[in-house]
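Colleague: I would like to learn how to read a few features of a model like this one. Could we start with charged pairs and then go on to helices?

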Amino acid sequence: MTSSCAERPFFDAGDAPTPEFAVTEDVAEDVTEDVTEDVTEDVTTPYAPGLRHTIAEDVYAFLIGCSLIVMGLVCLHKAGLVTGGMAGIALLLSYLVPISPGMLFTLINIPFLAFALRAMSPAFAVKTMIASCGVTLFAGLMPRVITVSQIDPLFAALFAGTIIGLGILCLARHQAGVGGTGIVTLWLQKTRGINAGRVQISIDIVIMAISALFLPAHKILLSLLSAAATSGILIVYHRPGRYIGH
């Protein structure tokens with residue numbers, strides 16, 4: 001005798017009634033849309049537009065960025081080092097002529113700011129001019145609020161290079177630069193897709209080669225380390241998709 005269990009499975013899914021709480025396709029779509037709307041209201045993702053910066057946020061970023069850059073210049077100047085970009089050019093010239101790095105920074109910036117007016121957006125050019133003037137202003141005020149009497153050259157190279165990079169990054173996130181070579185690197189990244197940090201490294205090598213004619217070899221090596229720290233910040237953090245705010 002053959003068991004009836006062998007003829008018929010113990011449980012046939014086809015006989016099971018559809019539960020009242022089953023989620024239909026229409027309900028699932030509605031739930032997904034509701035969840036997506038709630039998430040996009042609070043969280044910015046690569047697939048959603050970024051939140052535009054307010055004027056107050058721009059001002060705050062400019063104060064932070066300019067102060068970090070100037071503090072880095074103070075440390076490097078005390079250690080007798082240079083760095084890459086406009087800061088390095090201003091520092092190098094300050095050892096050769098009796099003009100402060102802040103003033104030299106502004107004077108050298110003039111042709112680059114003219115380039116920004118032609119090649120970049122008017123908003124970027126105006127913000128860069130404000131940032132450049134901010135660096136000059138902070139450079140004049142910094143000696144009144146802080147004095148660096150002694151600093152280890154190795155620490156100065158790493159610390160100053162890093163905070164200068166963070167200052168440049170802070171300004172770049174708010175659609176501004178410090179002028180000089182930074183305008184060129186940001187323009188190349190925007191129009192050609194070339195990473196700003198890598199371009200800056202190439203420019204820094206040229207600046208260091210010129211500095212080697214006036215500074216001792218050990219200071220050139222430390223200055224290279226400082227420039228690498230600055231460019232490293234831009235390579236890691238200033239790249240497409242890493243930040244989507246405006």
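Modeller: A salt bridge is a side-chain nitrogen of Lys or Arg within 4 Å of a carboxyl oxygen of Asp or Glu. Keep in mind that this model is predicted.

Colleague: How many salt bridges does a search of the whole structure find?

Modeller: The search finds one. Asp58 pairs with Lys127, and their closest N and O atoms are 3.5 Å apart. The two residues lie 69 apart in the chain, Asp58 in helix α3 (residues 55–79) and Lys127 in helix α6, so the pair links distant parts of the chain.

Colleague: Is Asp58 buried or exposed?

Modeller: Buried means under 20% relative accessible area. Asp58 has 14%, so Asp58 is buried. Lys127 has 22% and therefore counts as partly exposed.

Colleague: How are two packed helices described?

Modeller: By the angle between their axes and the distance between the axes. Here, α5 (residues 101–119) packs on α6 (residues 122–145) at about 180°, with the axes 10 Å apart. That angle makes α5 roughly antiparallel to α6.

Colleague: Which residues in α5 and α6 meet?

Modeller: From α5 they include Phe105, Asn109 and Leu113; from α6 they include Met129, Ser132 and Val135. By class, the contact has eight nonpolar, six polar and no charged residues.

Colleague: What span does helix α10 reach from its first C-alpha to its last?

Modeller: Helix α10 (residues 217–237) has 21 residues and reaches 31 Å, close to the 30 Å expected at 1.5 Å a residue. Its buried residues include Ile220, Leu222, Ser226, Thr230 and Leu234.

Terms used: Residues numbered from 1 in each chain as written. Predicted model: local features only at pLDDT ≥ 70, side-chain atom pairs only at ≥ 80, totals over all residues. Heavy atoms only, no water. Axes fitted to C-alpha atoms, helices over the stretch in contact; angles between N-to-C directions. Helix = DSSP H or I, 4+ residues; strand = E, 2+ residues; numbered from the N terminus. Parallel < 35°, antiparallel > 145°, perpendicular 65-115°, else oblique. Contact = heavy atoms within 4.5 Å. Nonpolar A, V, L, I, M, F, W, Y, C, P; charged D, E, K, R; others polar. Expected span 1.5 Å × (residues − 1). Buried < 20%, exposed > 50% of the residue type's maximum accessible area, 1.4 Å probe, protein only.
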